[in-house]
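Welcome! Take a look at the structure below, and then we can walk through some of its charged pairs and its pocket together.

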Amino acid sequence: MCSSDLGTASGLVCVASGTCAAPIVAVVESVLRWDRPPQVHAYVGARVPEDLYPVGQMTRMGSGLPNVHVAGVVSDDSGYPGLKGRIAEVVPDLAPWAAMEYDVLLSGPPRMTDEAVERFVAAGVPEARIHFDPYEVLL
């Protein structure tokens, strides 16, 4: 993926849920290699803090870079000191992503992805700036 694929010069907001964080980690790693990396805001959602290991990985990648912001969002631990709630509900309201003209990258189960798309669109982000790979769960 290159900058022309995303169409962004201003920034990216990356949202991953649970075990679907690997594609977002790879995108962040790639973007940080660009000559002029954009602002990157990466969020990983998990039920409990112990499942937020991708947050540490991306934080280390972006260490010392002022344009990289990484955070976890925990849904099932009221004692967690960071962001709390379901990631698809929390992240769209954290910043004026539409006004900032950020691209949105999503990675997660269909329910999370559908809800996140709905909420980002409701917040004014054009659907053309929201990117994800849909998949089916086969039982």
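## A pair that ties the chain together

Arg129 and Asp103 form a salt bridge, with 3.6 Å between their closest N and O atoms. Arg129 sits in the loop between H5 and strand S6 (130–131), while Asp103 belongs to strand S5 (residues 103–107), so this pair ties together parts that are 26 residues apart in sequence. Keep in mind as you explore that this is a predicted model.

Are these two partners buried or exposed? Arg129 counts as partly exposed, at 21% relative accessibility, whereas Asp103 counts as buried, at 1%.

How many salt bridges does the structure hold? There are seven. One of them joins the side chains of Arg47 and Asp76 (4.0 Å, N to O). That pair links distant parts of the chain, 29 residues apart: Arg47 is in the loop between S2 and helix H3 (53–61), and Asp76 is in the loop between strand S3 (68–74) and strand S4 (83–84). Both Arg47 and Asp76 are exposed.

Glu89 and Arg86 also meet through their side chains, at 2.8 Å from N to O. Glu89 is partly exposed, with a relative accessible area of 29%, and Arg86 is partly exposed too, at 34%. A network of salt bridges links Arg86, Glu89, Glu115 and Arg119.

## The largest pocket

The largest pocket holds about 540 Å³ of space. Its lining has 20 residues, and Ser17, Gly18, Arg47, Ser75 and Pro109 lie nearest the centre.

Which helix or strand gives the most to this lining? H5 does, with three residues. By class, the lining has nine nonpolar, six polar and five charged residues.

Methods. Residues are numbered from 1 along each chain as its sequence is written. This is a predicted model: local features need pLDDT of at least 70, side-chain atom pairs count only at pLDDT 80 or more; totals for chains, interfaces and linings use all residues. Side-chain values use heavy atoms; hydrogens and water are left out. On a 1 Å grid over the protein atoms alone, a cavity is a set of points where a 1.4 Å probe fits but cannot get out, and a pocket is an open set with protein on both sides within 12 Å along at least five of seven lines; lining residues have an atom within 4 Å of a point. Grid points are joined across faces, edges and corners, and a volume is the space filled by probe spheres set on the points. Helices (H or I, at least four residues) and strands (E, at least two) are DSSP runs, numbered from the N terminus. Ala, Val, Leu, Ile, Met, Phe, Trp, Tyr, Cys and Pro count as nonpolar, Asp, Glu, Lys and Arg as charged, and the others, Gly among them, as polar. Buried means under 20% relative accessible area, exposed over 50%, partly exposed in between (1.4 Å probe, protein chains only).
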